[in-house]
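Open the model in your viewer and keep the selection tool at hand.

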Amino acid sequence: MERTFVAIKPDGVKRGLIGELVNRFERKGYKIIGMKLLIPTVAQVEEHYKEHIGKPFYPTLLKYLTSGPIVAMAIEGVNVIHGVRQIVGATNPDNADVGTIRADYAQIMSQNIVHASDSVESGNREINVWFNENEIFDNWKTVSQMLIEEQQK
């Protein structure tokens with residue numbers, strides 16, 4: 001089992017896409033173990049995107065992510081990092097495969113609807129930026145997890 005962090009960015013929330021996007025992850029069989037709606041603080045965005053501080057696009061990114069609510073999610077599943085990134089699509093919507101979230105809903109890279117962790121390490125670090133241990137609910141099994149356990153017997 002892996003964990004990843006996914007955020008529906010302000011443009012996705014403002015456009016009323018929360019249910020549609022959450023549905024895509026749940027249909028795949030992934031387990032949402034944490035979810036909340038919040039307006040990010042400058043400190044949260046700085047911690048999350050610390051590798052980008054000082055880059056030319058960073059001030060615009062900071063302003064955008066603090067401009068309204070996001071939906072922060074911790075998601076768990078088998079190969080969830082790779083699977084979620086396939087569902088989300090390429091960072092630039094012009095390069096995203098048809099049927100992915102970014103191809104279907106985003107028009108420009110600076111407002112590309114959703115963020116998804118790019119590695120297990122990033123996923124764990126990012127989850128810890130947005131959630132405390134009391135906000136993660138991982139003590140239940142999805143149908144996929146039960147089937148995997150049955151196959152392993």
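A nonpolar core is a set of buried Ala, Val, Leu, Ile, Met, Phe, Trp, Tyr and Cys residues joined through side-chain atoms within 4.5 Å. Keep in mind that this is a predicted model.

**Stop 1: the largest core**

Select Val6, Phe25, Met73, Ile75, Val84, Ile101 and Ile113. The largest nonpolar core has 22 residues, and these seven touch the most other members. Now colour the elements around them. Strand 1, helix 2 (18–27), strand 3 (70–77), helix 5 (80–88), helix 6 (101–105) and strand 4 (114–116) each supply at least two residues of this core. Which helix gives the most to this core? Helix 5 does, with four residues.

**Stop 2: Val6**

Leave aside its neighbours within four places in sequence. Val6 is then in contact with Phe25, Met73, Ile75 and Val84, among others. The list of contacts also includes Val71, Ala72, Val114, His115 and Ala116.

**Stop 3: another core**

Next, select Ile33, Ile127, Phe131 and Ile136. They are among the twelve residues of another core, which lies apart from the largest one.

**Stop 4: a bridge across the chain**

Now turn to charge. Side chains of opposite charge can pair when their charged atoms come close. Select Asp138 and Arg3. They form a salt bridge, with the closest N and O atoms 2.2 Å apart. Where do the two partners sit in the chain? Asp138 is in the loop between helix 7 (120–130) and helix 8 (143–152), while Arg3 is in strand 1 (residues 2–8). The partners are 135 residues apart, so the pair links distant parts of the chain.

Arg3, Lys31, Glu76 and Asp138 are linked in a network of salt bridges.

**Stop 5: two more pairs**

Select Glu126 and Arg125. Their salt bridge has its closest N and O atoms 4.0 Å apart. Glu126 counts as buried because its relative accessibility is 5%. Arg125, at 26%, counts as partly exposed.

Finish with Lys153 and Glu150. Their side chains meet in a salt bridge at 3.3 Å, N to O. Lys153 and Glu150 are both exposed.

How many salt bridges are there in the count? The count comes to ten.

Technical notes: Residues numbered from 1 in each chain as written. Predicted model: local features only at pLDDT ≥ 70, side-chain atom pairs only at ≥ 80, totals over all residues. Heavy atoms only, no water. Buried < 20%, exposed > 50% of the residue type's maximum accessible area, 1.4 Å probe, protein only. Contact = heavy atoms within 4.5 Å.
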